[in-house]
Amino acid sequence: MKQTIKQLLLFLIVWYSWAASAQENITTFILVRHAEKDLTQSTNDPDLAPEGKQRAIKLADMLQQTPVTAIYSTPYKRTRQTVDVLAGRKRITVSDYTANDEAELARMIAANKGGTVVVTGHSNTIPWMANKLLGTEKYRPLEDGDYGTLWIITVAEKEQQAKLLWLSF
């Protein structure tokens with residue numbers, strides 16, 4: 001029941017942002033850290049663990065009714081695999097991006113005005129992006145075991161301000 005309420009709330013917020021975008025040019029960013037990585041792999045680029053693969057499916061389920069216009073991932077297996085299910089369902093090609101690069105973020109904003117963008121990154125890059133979108137230095141890197149944080153940030157061009165909704169899934 002709790003999960004259904006979260007999904008409904010997420011859908012309503014993103015839908016409202018999407019509907020209002022025609023009037024106010026609101027861009028919605030859905031920021032998510034990659035899902036659980038496989039710690040048994042001795043590599044700098046591990047795949048997702050089985051629980052991470054389940055979380056990736058959960059993310060795709062949560063955003064099933066959300067009109068996503070673009071999906072971005074850092075060029076690592078764990079970030080890409082976190083959004084692959086969603087990208088497949090939405091028939092959207094995942095674009096790579098360079099993390100913690102203000103010029104890259106500006107290009108993402110310009111290319112997706114009025115849309116809904118899903119971005120997957122890392123424990124330090126997702127808070128960095130949230131801070132840049134919100135114009136604050138409020139959010140610190142996520143805890144090592146925090147894989148369920150999902151941030152929805154609406155950026156209103158007209159008002160030149162952004163708002164954050166912080167959810168767990």
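Predicted model: local features only at pLDDT ≥ 70, side-chain atom pairs only at ≥ 80, totals over all residues.

**Stop 1: Arg-89 and its partner**

Arg-89 sits in helix α3. Show its side chain along with that of Asp-61, and you'll see the two meet in a salt bridge, 2.6 Å from N to O. The pair links distant parts of the chain, with Asp-61 in helix α2 and Arg-89 in helix α3 (residues 77-90), 28 residues apart. If you draw a distance between their C-alpha atoms, expect 9.5 Å. Asp-61 is partly exposed as well, at 38% relative accessibility.

Now bring up the other contacts of Arg-89. Leaving aside neighbours within four places in sequence, Arg-89 touches Ile-57, Ala-60, Asp-61 and Gln-64.

**Stop 2: down the axis of α2**

Select residues 50-62, which make up helix α2. Its 13 residues reach 19 Å from first C-alpha to last, close to the expected 18 Å. Colour the buried ones: Gly-52, Arg-55, Ala-56, Leu-59, Ala-60 and Met-62. Then turn the view to look along the helix axis. The buried residues of α2 fall within an arc of 160 degrees, so they line one face of the helix. Over on the other side of α2, Pro-50 and Gln-54 are exposed.

**Stop 3**

How many salt bridges does the model have? The count comes to seven, and the one at Stop 1 joins Asp-61 to Arg-89.

For another, pick Arg-80 and Asp-96, whose closest N and O atoms are 2.4 Å apart. Arg-80 is in helix α3 and Asp-96 in strand β3 (residues 94-96), so this pair ties together parts 16 residues apart in sequence. Both ends are partly exposed: Arg-80 has a relative accessible area of 25%, and Asp-96 has 42%.

Next, go to Asp-144 and Arg-33, which form a salt bridge with closest N and O atoms 4.0 Å apart. Asp-144 is in the loop between α5 and β5 (149-156) and Arg-33 is in strand β1 (residues 26-33), so the bridge ties together parts 111 residues apart in sequence. Check the surface at each end: Asp-144 is exposed at 57%, whereas Arg-33 is buried at 3% relative accessibility.

**Stop 3: helix α5**

Select residues 125-134 to get helix α5. How many of its 10 residues are buried? Nine are, so to speak, under cover; among them are Trp-128, Met-129, Leu-133 and Leu-134. Step past the end of the helix and you land on Gly-135, with a positive phi near 70 degrees.

**Stop 4: the nonpolar cores**

In soluble globular proteins, nonpolar side chains tend to be buried together. Here, the largest nonpolar core has 21 residues. Start with the ones that have the most contacts inside it: Leu-31, Val-119, Met-129, Leu-133 and Ile-153. The elements that give it two or more residues are β1, β2 (70-73), α4 (102-111), β4 (116-121), α5 and β5. The largest share, six residues, comes from α5.

Setting aside neighbours within four places in sequence, Met-129 contacts Leu-31, Tyr-97, Leu-105, Met-108 and Val-119. Apart from this core lies another, of 18 residues, including Met-62, Val-83, Ile-92 and Leu-167.

**Stop 6**

Most residues other than glycine have a negative phi. Which way does Arg-91 go, positive or negative? Its phi is positive, near 55 degrees. Arg-91 is in the loop between α3 and β3 and is exposed, at 79% relative accessibility.

Finish at Asn-100, in the loop between β3 and α4. Asn-100 also has a positive phi, near 55 degrees, and is partly exposed at 39% relative accessibility.

Definitions and conventions
Residues numbered from 1 in each chain as written. Heavy atoms only, no water. Buried < 20%, exposed > 50% of the residue type's maximum accessible area, 1.4 Å probe, protein only. Helix = DSSP H or I, 4+ residues; strand = E, 2+ residues; numbered from the N terminus. Expected span 1.5 Å × (residues − 1). Arc of directions from axis to C-beta. Contact = heavy atoms within 4.5 Å. Core = buried A, V, L, I, M, F, W, Y, C linked by side-chain atoms within 4.5 Å.
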